[in-house]
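Thanks for asking me to look through this one with you. Open the structure beside this note and find each residue as we come to it.

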Amino acid sequence: MVSVDDDDAAVAMRRELKALRALRHPNVVALLGAVADDDEGLLWAVLEFAPHGSLHRLLHKGTPDELLACFGARDALPGLGVAFWSVSTDVAAAVAFLHRRKVVHGDIKSANVLLGSYGVAKISDFGLARVVGTRGFTRASAAHGGTAGYMAPELGDAGALDRGGESADVFAYAVLVAELLSGREPFDDARNEVAVALRVRSGERPRLPLATPPALRDALVRCWDAEAAARPDMEDLLLDVVAMSQAPDGARVCGAGDEVVTVGTDVGCRELSSVLAEVGLRDSIPAIREQEIDIGAARLMEPADWTDCGMLPEDARKVVSLLGSDTIVVRYRHDGDVVEVTASPAELVRDVKERLGRSLREDVSDRRLRDVDRRDRTLLRDDATLYELGIRRDANVSFAHRRSPAQGVPFKLFVRDLVCSSRILELTVESRYTLKALIHLALEMLDRSVEEDWLYRLKVFGASFYATEMLIEELNLAKEDTIMLEPRMVL
């Protein structure tokens, strides 16, 4: 129940209702209906009844009798056992289902897991949920998404959940599993949320019992990788959880103390993990980490060196081709002169731009860099590294004056529909909207299904762009620019 006069709460409630209405799964709380009380100015959601309440309450405040009524055992939780594997599997199945439907939950935690009859776990609270590719959250408290202790380290960066929310859900799921094992809330000894965030950023992860089965511990550590791209997909993780639940070492963990888990946060290791994930070699990451190979060392390795690490020859060739050089020469040509700076792949575009400006003795703070070797006219994001933008070898750049309004400033954009008519749509957007969100807005105005966004593309300055996570500001679109929406395949 929320007040319709509370704009933030009402928007969050409507988002939850919209998400739930489209989702039907045994491990997702069902929406039975919604009721608007105009007299009181309230909006009520009618949800499936969960007789045993939240997992958080039962785990941390439940009595032995309540555990018995829910799971059939007075000591069902915390620790390994039937209840642990049942809840872990139920939540994994729910999150995998959401990700198949292109929905990111954004706030996986024990308080958002409800327990139905016979202890069946069901995910609830879709106030932060969003469809992949649409814009971020509305509630002020959800600027980055999630709850302290469950939040992945990258969620400290604005817009991170828009770019890779599924991996953040995987991170939070692993925290929940650790909570089921230990019976402790994540980072329960921290002074405040800021302290929690700093500890997570430094590589610390929730405590695990010392007797945790090695396969389960390794799976959780993979989910907690500092590099989002290196974490497993939820579908794969679900299969692993099911397999581990049937293993002979799925006995109860109790006593024997616990340990603080830490993961590597070295930038070089994270970049190498990203490369391996990019070519579908996530399973190779733990072995590479054990050998302490970082991105710098990796660039000196030949395919034979990678095969010695256990890779197949064709995979080794892929990795070598993707790694590129450990130094990049960035060149700017103007009026016959050439200005060069040498950068590392991990350097921010903003820093490269500033160094070019110093060499030119010009103030370039209001300009953007463009990679002129690319076919399109996209600009390079100041807050991204050269590596993240795919620049891994020498590059030629030019300067462009910033046309897109500053972040957070709404502006009008016109979209001409070339699919069935020449109708011109007037959209209100922001520079940090993704192209996927822009296409979704246009399709909604045209009463077309956003699930078919792959059928369309945008034509901007003669180049074609699809429903991706690319930002509007990367196209340098300005106020009242007109772009085209056309079929993906023009016959």
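This is a predicted model: local features need pLDDT of at least 70, side-chain atom pairs count only at pLDDT 80 or more; totals for chains, interfaces and linings use all residues.

1. How many disulfides does the structure hold? The count is zero. As a reminder, a disulfide is a covalent bond between the sulfur atoms of two cysteines.

2. Salt bridges are another matter: a search of the whole structure finds 22 of them. One joins Arg199 to Glu204, with the closest N and O atoms 2.7 Å apart. Are these two residues buried or exposed? Arg199 and Glu204 are both buried.

3. Next, look at Asp240 and Arg222, whose side chains meet in a salt bridge at 3.3 Å, N to O. This pair links distant parts of the chain, 18 residues apart: Asp240 sits in helix H8 (residues 234-245) and Arg222 in helix H7 (residues 214-223). Asp240 is partly exposed at 29% relative accessibility, and Arg222 is partly exposed at 24%.

4. Asp394 and Arg331 also form a salt bridge, at 3.8 Å from N to O. Which parts does this pair tie together? Asp394 lies in the loop between strand E12 (367-371) and strand E13 (395-401), while Arg331 belongs to strand E10 (residues 328-334), so the bridge ties together parts that are 63 residues apart in sequence. Asp394 is partly exposed, with a relative accessible area of 41%; Arg331 is partly exposed too, at 22%. Salt bridges can also share partners, and in this way Asp189, Arg199 and Glu204 are joined into one network.

5. Finally, please turn to helix H15 (residues 435-445). How many of its eleven residues are buried? The answer is eight, so the helix is mostly covered. Among the buried residues of H15 are Leu435, Leu438, Ile439 and Leu443, and the list also includes Lys436 and His440. What do the buried residues pack against? Their neighbours are strands E14 (411-417), E15 (424-429), E16 (456-460), E17 (463-465) and E18 (482-487). Just after H15, have a look at Asp447, which takes a positive phi of about 55 degrees.

Definitions and conventions: Residues are numbered from 1 along each chain as its sequence is written. Side-chain values use heavy atoms; hydrogens and water are left out. A disulfide is a pair of cysteine sulfur atoms within 2.5 Å. A salt bridge is a side-chain nitrogen of Lys or Arg within 4 Å of a carboxyl oxygen of Asp or Glu. Buried means under 20% relative accessible area, exposed over 50%, partly exposed in between (1.4 Å probe, protein chains only). Helices (H or I, at least four residues) and strands (E, at least two) are DSSP runs, numbered from the N terminus. Contact means heavy atoms within 4.5 Å.
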